[in-house]
Amino acid sequence: MRSRDTREQPDVAVVAAARDGDRQAAEQLVGDCLPLVYNIVGRALHGHGDVDDVVQETMVRVLDGLPGLERPDRFRSWLVAITVRQIRDRWRTGRTWLTSEPLDDAGAGETQPDFADLAILRLALSGQRREAVEATRWLEDEEREVLALWWMESAGELTRGELSAACGLTPSHAAVRVQRVKERLETARAVVRAVTASPRCPDLASVLGSWDGRPSGLWRKRLARHVRDCPACLRSGSDLIPAEGLLAGLALVPVPIGLAGLVLARMPAAGSAGAGAGAGTRTAARAGRTARTTGRLAAKPVAAAAATAVTLAVAGAAWYTATGSHEPGPRHAVAGALSPGTSSVQPSPRTSAARTPSPTPTPSRTHAPAPKAASVTTAEPRFAGRHVLRSVDRPGDYASQSDRLGILGPVGATSSEAVRQAATFTFVPGLADPHCYSLKDAAGRYVRHYAFRIRLDTDDASALFRKDATFCPRAGSTPGSVSLESYNYPGRYLRHRDDLQLWLDPAQDTAAYRASRSFVLAAPWS
């Protein structure tokens with residue numbers, strides 16, 4: 001595990017100056033600590049919609065409480081403790097929405113992008129790192145607080161002492177809690193490996209017969225019993241690297257530019273109130289110390305840091321306007337926008353304010369390349385409209401749905417109207433890329449993947465949903481057939497498994513796999 005270098009600690013002079021009312025120092029402090037707070041809250045609350053609110057309230061409390069901070073060198077522990085208290089307050093006041101169980105009301109709560117989705121997409125994770133992030137979905141809600149802190153410890157952002165202090169535990173008790181979460185994460189990783197295996201263990205497939213495709217702590221426990229006793233599933237997970245090794249040096253998930261702006265917008269009231277509260281209680285000695293710390297800060301290019309933040313925020317706004325994406329471009333990590341010199345989401349130590357700001361980055365998109373114009377992969381007009389998708393290797397079966405989950409099933413002219421309608425999809429320009437396609441059913445729901453399971457959900461207007469619901473046509477295994485490749489997971493295709501469930505699976509160089517991902521588009525029966 002990487003230990004945090006003292007150079008990565010918040011500058012004590014900056015903390016002291018911010019505590020004594022220096023606005024530029026306060027802005028720099030917000031930029032330095034916002035990514036850490038966002039990542040802790042995001043993982044603890046599993047990416048729920050209230051994450052942004054909790055982050056904002058945490059930062060306001062930090063700014064309000066700065067005048068009373070007697071030990072600037074302990075700012076990091078104090079910051080994390082406030083963050084954990086805010087998380088617990090939200091747990092107590094909003095327990096009903098913190099749940100891993102699926103929502104029954106399709107109109108009340110469609111699938112929202114969770115923090116695992118954001119980490120995978122924004123950090124471009126692959127291999128076992130991606131599997132480790134996906135495994136966090138299978139943990140219980142009450143385990144997420146410790147998970148969030150241990151994740152930051154493993155990534156080198158916190159020390160064990162800071163973790164213990166934040167949880168209000170002794171080091172030995174904290175070690176027990178951390179070990180328990182680590183064990184459950186490792187179990188979840190084995191479950192992820194077994195569930196996404198292709199071909200999947202036949203016995204496991206029967207266990208998953210009633211699974212709705214959404215990870216949960218309950219299903220982790222059910223599936224773990226099978227995985228522990230199944231030689232095939234155990235072999236599939238035999239090469240798993242310990243999670244600490246995967247997380248060491250891993251970059252933080254970048255803060256949305258809009259959130260950074262909201263936090264900075266709330267600074268004047270919070271900062272002024274804090275400074276005013278401190279002014280009445282500070283002594284002349286404190287005033288002298290303020291002058292000394294301000295003098296030390298004068299040599300630091302704090303103004304340049306603020307200018308860089310504004311420049312990148314403007315670039316980020318232009319990126320959103322041009323692309324409609326709520327995600328920052330690959331070089332728009334707010335850790336970089338507010339901390340000069342950090343221009344990439346790749347793992348790297350936090351930089352100090354003394355570094356020269358990087359040039360304004362040019363936004364660029366990272367997704368599957370646009371289909372070539374001269375091949376069957378192009379978005380030709382003949383794809384538009386209503387179609388059924390007949391399986392190449394099972395000619396009597398069609399892509400369809402059952403309880404909003406994608407399946408392959410028999411459909412024909414004599415089938416009921418409901419069965420025929422369930423197998424009919426309208427091809428429209430891709431939500432994430434008009435060169436590709438999105439598929440809608442009669443109810444207006446889109447075919448998308450969630451945890452690699454194909455399902456149908458209502459558009460929630462998020463950038464993540466648009467990518468999940470976009471598929472690019474590729475040549476099928478037979479003349480006239482087509483395969484649908486995922487837009488945001490290039491190399492994964494919509495296909496049926498042996499249990500006739502539809503999944504998003506990685507490509508395999510076998511005739512059987514190519515046939516299972518190939519479909520012939522035909523006119524609907526009605």
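Tutor: We shall go from the overall fold to the disulfide, a cavity, and several individual residues.

Tutor: Please keep in mind that this is a predicted model, in which local features need pLDDT of at least 70, side-chain atom pairs count only at pLDDT 80 or more, and totals for chains, interfaces and linings use all residues. Residues are numbered from 1 along each chain as its sequence is written, and side-chain values use heavy atoms, with hydrogens and water left out.

Student: How many helices and strands does the protein have?

Tutor: Helices (H or I, at least four residues) and strands (E, at least two) are DSSP runs, numbered from the N terminus. In this case there are 21 helices and twelve strands.

Student: What percentage of the residues is buried?

Tutor: A residue is called buried under 20% relative accessible area, exposed over 50%, and partly exposed in between (1.4 Å probe, protein chains only). Of the 526 residues in the protein, 54% are buried. The accessible surface, from the Shrake-Rupley method with a 1.4 Å probe and, for residues, with only the protein chains shown as cover, comes to about 21,800 Å². Carbon and sulfur atoms account for 55% of that surface.

Student: Among contacts between residues at least 6 apart in sequence, what percentage joins residues at least 24 apart?

Tutor: A contact means heavy atoms within 4.5 Å. Within the set you describe, the share is 68%.

Student: How many disulfides does a search of the whole structure find?

Tutor: A disulfide is a pair of cysteine sulfur atoms within 2.5 Å. The search finds one, and it joins Cys436 to Cys472 with an S to S distance of 2.0 Å. Cys436 belongs to the loop between β4 (425-429) and β5 (437-440), while Cys472 belongs to strand β8 (residues 471-475), so the pair ties together parts that are 36 residues apart in sequence. The torsion about the S-S bond is about 80°, so this disulfide is right-handed. Cys436 is buried at 0% relative accessibility, and Cys472 is buried with a relative accessible area of 0%.

Student: How many cavities of 30 Å³ or more does the structure hold?

Tutor: On a 1 Å grid over the protein atoms alone, a cavity is a set of points where a 1.4 Å probe fits but cannot get out, and lining residues have an atom within 4 Å of a point. Grid points are joined across faces, edges and corners, and a volume is the space filled by probe spheres set on the points. The structure holds seven cavities of that size.

Student: Which residues lie nearest the centre of the second largest cavity?

Tutor: They are Glu134, Arg137, Tyr450, Ala451 and Phe452, out of 16 lining residues. At least two lining residues come from each of α5 (115-122), α9 (171-195) and β6 (446-450). For the classes, Ala, Val, Leu, Ile, Met, Phe, Trp, Tyr, Cys and Pro count as nonpolar, Asp, Glu, Lys and Arg as charged, and the others, Gly among them, as polar. The lining has ten nonpolar, two polar and four charged residues.

Student: Which residues of helix α8 are buried?

Tutor: An α-helix has 3.6 residues a turn, so residues three or four places apart point the same way. In α8 (residues 160-167), the buried residues are Glu162, Leu163, Ser164, Ala166 and Cys167. Gly168 follows α8 and has a positive phi, near 70°.

Student: Is Glu145 buried or exposed?

Tutor: Glu145, in helix α7 (residues 144-154), is buried, with a relative accessible area of 13%. Leaving aside neighbours within four places in sequence, Glu145 is in contact with Ala44, Val84, Arg88 and Cys167.

Student: Where does Ala461 lie?

Tutor: Ala461 lies in the loop between β7 (453-457) and α20 (463-468). Its phi is near 70°, a positive value in a residue other than glycine, and Ala461 is partly exposed at 47% relative accessibility.

Conventions. 1 Å grid on protein atoms, 1.4 Å probe; cavity = no way out; pocket = protein on both sides within 12 Å on 5 of 7 lines; lining within 4 Å.
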